[in-house]
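Hello,

Here is the structure I promised to pass on, with my notes below it. Have a look at it first, and then see what you make of the findings.

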Amino acid sequence: MSNPDSIGIHVSSPHEAELLVVLYRGGWADVDYIVSIDDAGVIPAPAMSSVHAFAVLLDTCMARVFGLNGAIE
């Protein structure tokens, strides 16, 4: 059995926008994104103290990068 130090989520759109979120065991996350050549970078992430906090971070990032509001169905 292994205990991973991190888990990553990579989401991309047909319009070449991308979001990469890496959640680390220590309770922090790294978030990188690209929407266009002029809109790319890092989204600051608060400390992840719960699953709910991570879900809020993902919702916020999805809205920022892909223009989605609320949960994905």
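**What I found**

Buried residues make up 25% of the 73 residues in the chain, where buried means under 20% relative accessible area, exposed means over 50%, and partly exposed lies in between (1.4 Å probe, protein chains only). Please keep in mind that this is a predicted model: local features need pLDDT of at least 70, side-chain atom pairs count only at pLDDT 80 or more, and totals for chains, interfaces and linings use all residues. Residues are numbered from 1 along each chain as its sequence is written, and side-chain values use heavy atoms, with hydrogens and water left out.

**Overall layout**

The chain has one helix and four strands, in the order β-β-β-β-α from the N terminus. Helices (H or I, at least four residues) and strands (E, at least two) are DSSP runs, numbered from the N terminus. Along the principal axes, the C-alpha atoms fill a box of roughly 40 × 25 × 20 Å. The exposed surface comes to about 5,200 Å², with 58% of it supplied by carbon and sulfur atoms; the areas are from the Shrake-Rupley method with a 1.4 Å probe, and for residues only the protein chains shown count as cover.

**The hairpin**

Strands β1 (residues 6-12) and β2 (residues 18-24) run antiparallel and are joined by seven bridges; two strands pair if DSSP finds at least two bridges between them. Ser-12 has Glu-18 in β2 as its bridge partner. Five residues lie between the two strands of this hairpin, and Glu-16 in the turn has a positive phi of about 75°.

**The helix and the core**

Helix α1 has 16 residues and reaches 22 Å from its first C-alpha to its last, close to the 22 Å expected at 1.5 Å a residue (the expected span is 1.5 Å times one less than the number of residues). Just after α1, Gly-67 takes a positive phi of about 75°. The buried residues of α1, among them Phe-54, Leu-57 and Val-65, pack against β1, β2 and β3.

Which residues touch the most other members of the largest nonpolar core? They are Leu-19, Val-31, Leu-57 and Val-65, in a core of 15 residues. At least two residues each come from β2, β3 (29-36) and α1 (51-66), and the largest share, seven residues, comes from α1. A nonpolar core here is a set of buried Ala, Val, Leu, Ile, Met, Phe, Trp, Tyr and Cys residues joined through side-chain atoms within 4.5 Å.

Leaving out residues up to four places away in sequence, Val-65 touches Ala-17, Glu-18, Leu-19, Tyr-33, Ile-34, Val-35 and Ile-43 (contact means heavy atoms within 4.5 Å). Val-11, in strand β1, is partly exposed at 24% relative accessibility.

**An aromatic pair**

A search of the whole structure finds one aromatic pair. The rings of Tyr-24 and Trp-28 have centres 5.1 Å apart and planes at 15°, so they are stacked. Rings of Phe, Tyr and Trp (its six-membered ring) pair if their centres lie within 6.5 Å; planes under 30 degrees apart count as stacked, over 60 as edge-to-face and the rest as tilted. Both partners are partly exposed: Tyr-24 has a relative accessible area of 25%, and Trp-28 has one of 46%.

Best wishes
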